[in-house]
Amino acid sequence: LAAVYLQATAGRRPTYDEDALGTGKRGAIFDRVDDSWTDVVDPLDPIRTLGLSYRLDSTSASGEYQCLCHLVQSDGAVLIVYVCNAGGYTTLSISNNGASAAGVGVAGVCNDTSSHTLVITYNGGTRTSPASYGVRIDGVARTVASSGTHAPTAGTSSIGRYPAGVFPASMRLGAAVATTDVLAGAALTNLETYPNGLRS
């Protein structure tokens, strides 16, 4: 899956840091104000596997969301990955729905300031069904459960916030990799190894 992410406005570009994740590994720092990267080859093909390595500078306060990525897909869906502290959901949430942003929630540490490797697989089934997803955090499979409905936001694919600056993340990003294949077995392990190597 090929995509080109840029930020034309200098003041909204994430900064580069040799120790962005606090583990001696380099990465990009998003300021939770208006920093983001925007895809100039949009929309993307349907994404079936997504891998991230990241660290938050601050956790989400009550009622807050931090959007790690907002990926508009060619099949009409929007894959949104965010950490939140709203409506009883305080960990990781995934919305992958073209009509509304009803999504799923994931148990496990995500809304904290430690560095993490996150891998999400979507098998192409019902977008709001927990059975359609596999999620691993730091190499450990996590339970996926039904979540609430969140208002969707249209716009260009972006990393670090929703379009138009909504829900920016105080994120330090080591890697982001997406593919149109549902990876499993050794292929999934290899994908997980790559961002994890850039994190730890």
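**View 1. No disulfide is found in a search of the whole structure.** A disulfide is taken as a pair of cysteine sulfur atoms within 2.5 Å. C67 takes part in none, and the nearest cysteine sulfur, that of C69, is 6.4 Å away. C67 is buried, at a relative accessible area of 1%, and C84 is also buried, at 0%. Buried means under 20% relative accessible area, exposed over 50%, and partly exposed in between (1.4 Å probe, protein chains only). The model is predicted: local features need pLDDT of at least 70, side-chain atom pairs count only at pLDDT 80 or more, and totals for chains, interfaces and linings use all residues. Residues are numbered from 1 along each chain as its sequence is written, and side-chain values use heavy atoms, with hydrogens and water left out.

**View 2. F30 and W37 form an edge-to-face aromatic pair.** Their centres are 5.2 Å apart, with 75° between the planes. Rings of Phe, Tyr and Trp (its six-membered ring) pair if their centres lie within 6.5 Å; planes under 30 degrees apart count as stacked, over 60 as edge-to-face and the rest as tilted. F30 is buried at 1% relative accessibility, whereas W37 is partly exposed at 26%.

**View 3. Y65 and F167 form a tilted pair.** The ring centres lie 4.9 Å apart and the planes stand at 40°. Y65 belongs to strand β6 (residues 64-72), while F167 lies in the loop between β14 (158-159) and β15 (171-179), 102 residues apart. Strands (E, at least two residues) are DSSP runs, as are helices (H or I, at least four), numbered from the N terminus. Y65 is buried at 18% relative accessibility; F167 is partly exposed at 30%.
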